Amino acid sequence: MDEQAPHNDRQKKELQKQLDEFQMLSAIYCNPGELRVDDYGCIDNLTSYISGETDRLTTKLDYRFELPLLPDQKVQILVELPHRYPALEMPRIVIRSAVIPRDQERRLTDRIVRYIEEEVLERDEAYVLQVVGWIQDNFAELLAATAERKESKACPRSAGATTSPIVFERLWIYSHHLKSKMKRQTIIKTARDLRLTGFSRPGKPAIICVEGQQADTQEFWRTIKPLKWQKIQIKLCETETVAAGGENEMAALRHFAAGFREELFCADMDEDSDAEDQPMSMSLFMKFLDKHRCGYIKKELFGFQSAIDAPAS
């Protein structure tokens, strides 16, 4: 315990810097909607850890800016802080916009990393404000630079070449169990950041469904697969090609149009137990699947058919 104490003290200092910076950012970006936290419980957890009220860190501090960086269009800047930011780890800062292609968003992320590595000289102190200010001041140039890079890599095989079609994908993921609050938050946050729709059922067993563009569903899988699981696998992968620009067709293929959310399917909630420890009501789950036109997945998940799919006797 004595050997661990200096490490804990250093980590508490880093976390306090994160909270101090967030308070400063809240004062600067104080207009409605400019700066948001999805779960203020993360601030409570960090505060309790720093004060010694708890010895467990169950979450990371993450927040998002929504700033008018484009004409008539707000752009999201998503920030996720590892526990050892700022001194030992870099923040994850991602730009999201409905009008910026996903591959360009990735190049923007790479450019932000390069800026931190090359231009942020004092990394012992919090520097998200510096990075966000740099993005605001240089956003037009950043967009132009990343777009030009994309065009320079394009192969000019034919002047009349058509835009590649989009692949819609729905992944059904099955795990032995899902109880970790950090994993659950990562799943929800990643799905929403990638604009995927679907649901996550924590507990035992764990069932996750995500749907959207294939590039995004595969990025979701790459993000959650390395997390520590006893067992996790893709039970079913559904794909369908959509014409370029076919947003209406893409929307029609979605079975969970309301977004991504966590579902528990518990018939009777015990107030003294955690929700994920409650047994899943198979009846509620089956009704949920049927409501969302997904009765066919019952056989893949549990080995039996829906009443619609079962052969007549």
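Author: What follows goes through several terms and sets each value against its definition.

Author: This is a predicted model, in which local features need pLDDT of at least 70 and side-chain atom pairs count only at pLDDT 80 or more, while totals for chains, interfaces and linings use all residues. Residues are numbered from 1 along each chain as its sequence is written, and side-chain values use heavy atoms, with hydrogens and water left out.

Reader: Why is Glu-105 called buried?

Author: Buried means under 20% relative accessible area, exposed over 50%, and partly exposed in between (1.4 Å probe, protein chains only). Glu-105 has a relative accessible area of 1%, so it counts as buried.

Reader: What makes Asp-290 partly exposed?

Author: Its relative accessibility is 43%, which lies between the cut-offs of 20% and 50%.

Reader: Why is the contact of Glu-105 with Arg-96 called a salt bridge?

Author: The term requires a side-chain nitrogen of Lys or Arg within 4 Å of a carboxyl oxygen of Asp or Glu. Between Glu-105 and Arg-96 the closest N and O atoms are 3.0 Å apart, so the pair qualifies. Arg-96 is buried too, with a relative accessible area of 5%. The structure holds 15 salt bridges. Another one joins Lys-298 to Asp-290, with the closest N and O atoms 3.1 Å apart. Salt bridges with shared partners also link Lys-60, Arg-64, Glu-80, Lys-189 and Asp-193 into one network.

Reader: Which residues of helix 8 are buried, and how do you know that they line one face?

Author: Helices are DSSP runs of H or I with at least four residues, strands are runs of E with at least two, and both are numbered from the N terminus. Helix 8 covers residues 282-291, and its buried residues are Phe-285, Met-286, Phe-288 and Leu-289. Seen down the helix axis, they fall within an arc of 160 degrees, so they line one face; the arc is that of the directions from the axis to the C-beta atoms. Lys-287 and Lys-291, on the other side of helix 8, are exposed.

Reader: Why is strand 5 described as largely enclosed?

Author: Of its 10 residues, 8 are buried, so strand 5 is largely enclosed by the rest of the structure.
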